[in-house]
Amino acid sequence: MDKIDIKSLDFNELEETIKELGLPKFRARQIYDWLHKKLVTSFDEMTNLSGELRKSLDERFYITACEVARMQESKFDGTRKYLFKLSDGNYVESVFMRYHHGNSVCISSQVGCRMGCRFCASTLDGLTRNLQPSEMLDEIYRIQVLTGERVSNVVVMGTGEPMDNYDNILKFIKLLTDENGLNISQRNVTVSTCGIVPNMKRLADEKLSITLALSLHSVTDEKRRELMPIANKYSIEKLMEACEYYFEKTGRRITFEYALVRDVNDKDEDLKGLSQLAGRVKAHVNLIPVNPIKERDYRETAHGDVVAFKNKLEKSGINVTIRREMGRDIDGACGQLRKKVLSENNEEA
Ligand code: SAH
């Protein structure tokens with residue numbers, strides 16, 4: 001019999017399983033506490049359970065525990081990038097950032113990605129597999145243990161497309177924001193999508209208080225299709241309808257992410273289109289100077305032009321910020337560290 005991934009079970013499921021084993025109900029609460037509050041990685045650490053019980057749990061379940069394969073810390077802002085090795089030998093990246101309002105972790109939702117966005121390093125080798133809820137939790141749990149600092153914000157903006165791993169993401173959010181676990185406020189969780197419309201609507205129906213971010217990056221279907229293959233499937237009109245639906249159902253404003261690529265999407269006509277779309281769905285706009293990757297020749301918009309773009313958008317009544325660039329000296333862009341280590345490993349092999 002295959003062992004069960006105990007950290008991916010929500011409390012009700014754990015309680016059910018514990019009952020089936022003929023154990024008293026209160027054991028489920030104890031075990032859940034060890035896993036999601038005390039963040040242990042073995043049954044042996046569960047010291048209020050008897051040795052016999054720990055052994056029998058170990059025979060039926062396993063506890064996901066990723067290992068740090070590498071860590072890089074930025075000299076500029078203390079941002080840390082972790083490369084974690086999963087139990088099957090795959091690698092994922094997570095980033096720890098300190099802000100005034102608290103510590104934030106950016107997690108990966110898949111090993112690789114199959115969305116094919118042209119400017120993104122995470123998708124160059126395609127999708128390997130989805131991450132389990134326990135593996136996404138573990139990215140945060142490990143970082144909280146390693147830094148000794150509380151994580152208060154989580155953004156699902158690392159490698160992978162969360163709406164392409166829908167069920168696991170939903171379970172992950174529920175576990176992460178459970179008051180009997182790490183108890184991170186749903187308002188402090190952001191999920192970013194390249195725009196898989198049916199799942200954006202499903203997420204709206206869950207009526208969570210999380211922030212949904214849409215990677216828009218261009219305001220015409222034609223240009224968007226050049227940058228993002230997913231745009232062949234869902235038009236900007238369909239995306240806007242999904243955004244309106246999300247706002248209607250949850251009362252939460254959408255964020256548009258807009259990576260400024262020099263001479264591609266940073267002209268006045270782009271600005272006008274962006275202002276119209278953001279105005280229509282009351283979106284907050286987050287401008288990101290594109291982080292160039294060596295495999296492609298996209299360049300970032302000059303800093304002065306980014307600021308001018310922001311000021312003009314603001315004047316047109318749009319709520320806009322420029323994403324603070326953190327950890328550029330540590331392969332900060334999605335997927336760059338993982339890719340580097342994978343190619344080093346290949347050279348060694
Ligand atoms: N798949 C999801 C989440 C992961 S990517 C999504 O598409 O939203 C997180 C954000 O980083 C997205 O907005 C993505 O478009 C952006 N991104 C990817 N590569 C980038 C790069 N090289 N420079 C700037 N932003 C990038």
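Which polar backbone atom is 3.4 Å from an oxygen atom of the ligand? I looked this up in the model, which is predicted, and found that the backbone atom belongs to Thr193.

**Entry 1: ligand contacts**

I next examined the side chains. Ser192 places a polar side-chain atom 2.6 Å from an oxygen atom of the ligand. For His217, I also noted a polar side-chain atom 2.6 Å from a ligand oxygen atom. I then looked up the accessible area of the ligand: taken alone it exposes 530 Å², and the protein buries 95% of that.

**Entry 2: the shell around the ligand**

I recorded 14 residues surrounding the ligand. The closest are Glu161, Ser192, Ser215, His217 and Asn291. By class, the shell consists of 5 nonpolar, 7 polar and 2 charged residues.

**Entry 3: a surface patch**

I turned to the surface and found a nonpolar patch formed by Val68, Met71 and Leu146. Together these residues have about 230 Å² of accessible area. I located Val68 in strand E3, which covers residues 67–73. Is Val68 buried, exposed or partly exposed? Val68 counts as partly exposed because its relative accessibility is 39%, which lies between the limits of 20% for buried and 50% for exposed.

**Entry 4: Leu49**

I found Leu49 in the loop that runs between helix H2 (26–36) and helix H3 (51–60). Finally, I checked Leu49 against Glu20: the two are 29 residues apart in sequence, and their C-alpha atoms are 18 Å apart in space.

Note on methods: Residues are numbered from 1 along each chain as its sequence is written. This is a predicted model: local features need pLDDT of at least 70, side-chain atom pairs count only at pLDDT 80 or more; totals for chains, interfaces and linings use all residues. Side-chain values use heavy atoms; hydrogens and water are left out. Patches are made of residues with over 30% relative accessible area and no salt bridge: like charges are joined within 9 Å, nonpolar side chains (Val, Leu, Ile, Met, Phe, Trp, Tyr) within 5 Å. Accessible areas come from the Shrake-Rupley method with a 1.4 Å probe; for residues, only the protein chains shown count as cover. A salt bridge is a side-chain nitrogen of Lys or Arg within 4 Å of a carboxyl oxygen of Asp or Glu. Helices (H or I, at least four residues) and strands (E, at least two) are DSSP runs, numbered from the N terminus. Buried means under 20% relative accessible area, exposed over 50%, partly exposed in between (1.4 Å probe, protein chains only). A residue is near a molecule or strand if one of its heavy atoms lies within 4 Å of it. A polar contact is a pair of N or O atoms within 3.5 Å; within protein, one must be able to donate a hydrogen and the other to accept it, and residues adjacent in sequence count only if both atoms are side-chain atoms. Ala, Val, Leu, Ile, Met, Phe, Trp, Tyr, Cys and Pro count as nonpolar, Asp, Glu, Lys and Arg as charged, and the others, Gly among them, as polar.
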